[in-house]
Each structure stands twice: as C-alpha cells, then as structure tokens.
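Please consult the sequence and the structure shown below.

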Amino acid sequence: MAQAQVRWTDGRDTGRTVTVLVKPDTSEGSTVRVWADRGGTAVGPPLTRTRAVADGWFVGGMAVTSVATGAFVARAGMRHVLDRRRFVQWDAEWDLVEPLWTGRFHR
C-alpha cells in the first residue's frame, strides 16, 4: 500500500483533503473509495454484517463468562468465610463437650 492525498467535497460543499493508503498501481486522478467520519477524518470501512454479528456474539459470550466467573468466585469466597466461621464454632463446642466424653473412658 502507498500513501496518497485524496480530495473530495462533502455534502455541504466543503473541500476535504486527507492522506490515505491506496493500492500502489492507483494512478493520479483515479476514483478511490474513502470512508470518513462526521468531522471529515478518514476512517476504515464500516463493519460487515458478518463481522458485526461475530463481534456481538464474542462480546455476549465474554459477558456471560464474566458473570459466571464472578458468581463462582463470590460463591467460593462466601463458602470459605462460612466454613471458617463454622470451624470456629465447632472448636468452641468441642472444647465444652470433649472433657465430658473423654472422661467416661477413664473410669
């Protein structure tokens, strides 16, 4: 690809000039398709329908994966916190019951 200056007139009869990439064999004065934004800056062509659908599916899949991962991490974290709390309670109860239970075997 080679760089070339391209001139055109927009819908408001404003002359525009930008530098874009063209095929090397493009001769001066040839018609070249140029995509521009509202400000007149040259941009790439719009997405094709296939590319837009693929991007949509990809973003949707990433959103589902992120939500599922977040839910899994939240569940695992909550389970860890509750298990630690439960172990502390079991230790406290065992401290109360253990002397009674082990004392009956020493008779």
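D55 is partly exposed, with a relative accessibility of 28%; buried means under 20% relative accessible area, exposed over 50%, and partly exposed in between (1.4 Å probe, protein chains only). The model is predicted: local features need pLDDT of at least 70 and side-chain atom pairs count only at pLDDT 80 or more, whereas totals for chains, interfaces and linings use all residues. Residues are numbered from 1 along each chain as its sequence is written, and side-chain values use heavy atoms, with hydrogens and water left out.

**Salt bridges**

- Two salt bridges are present in the structure, each defined as a side-chain nitrogen of Lys or Arg within 4 Å of a carboxyl oxygen of Asp or Glu.
- D55 pairs with R51, and 3.0 Å separates their closest N and O atoms.
- Both R51 and D55 belong to helix α1 (residues 49–103), where they are four residues apart, about one turn.
- R51 is itself partly exposed, at 48% relative accessibility.
- A salt bridge also joins R86 to D83, with an N to O distance of 2.3 Å.
- R86 and D83 are about one helical turn apart, because they are three residues apart in helix α1.
- R86 has 35% relative accessibility and therefore counts as partly exposed.

**Helix α1**

- Helices are DSSP runs (H or I, at least four residues), numbered from the N terminus.
- The 55 residues of α1 span 79 Å from first to last C-alpha, close to the expected 81 Å, which is 1.5 Å times one less than the number of residues.
- At V97, α1 bends by about 40°, and the proline P99 follows within four residues; the bend is the angle between axes fitted to the seven residues ending at a residue and the seven starting there.

How values were computed. Helices (H or I, at least four residues) and strands (E, at least two) are DSSP runs, numbered from the N terminus.
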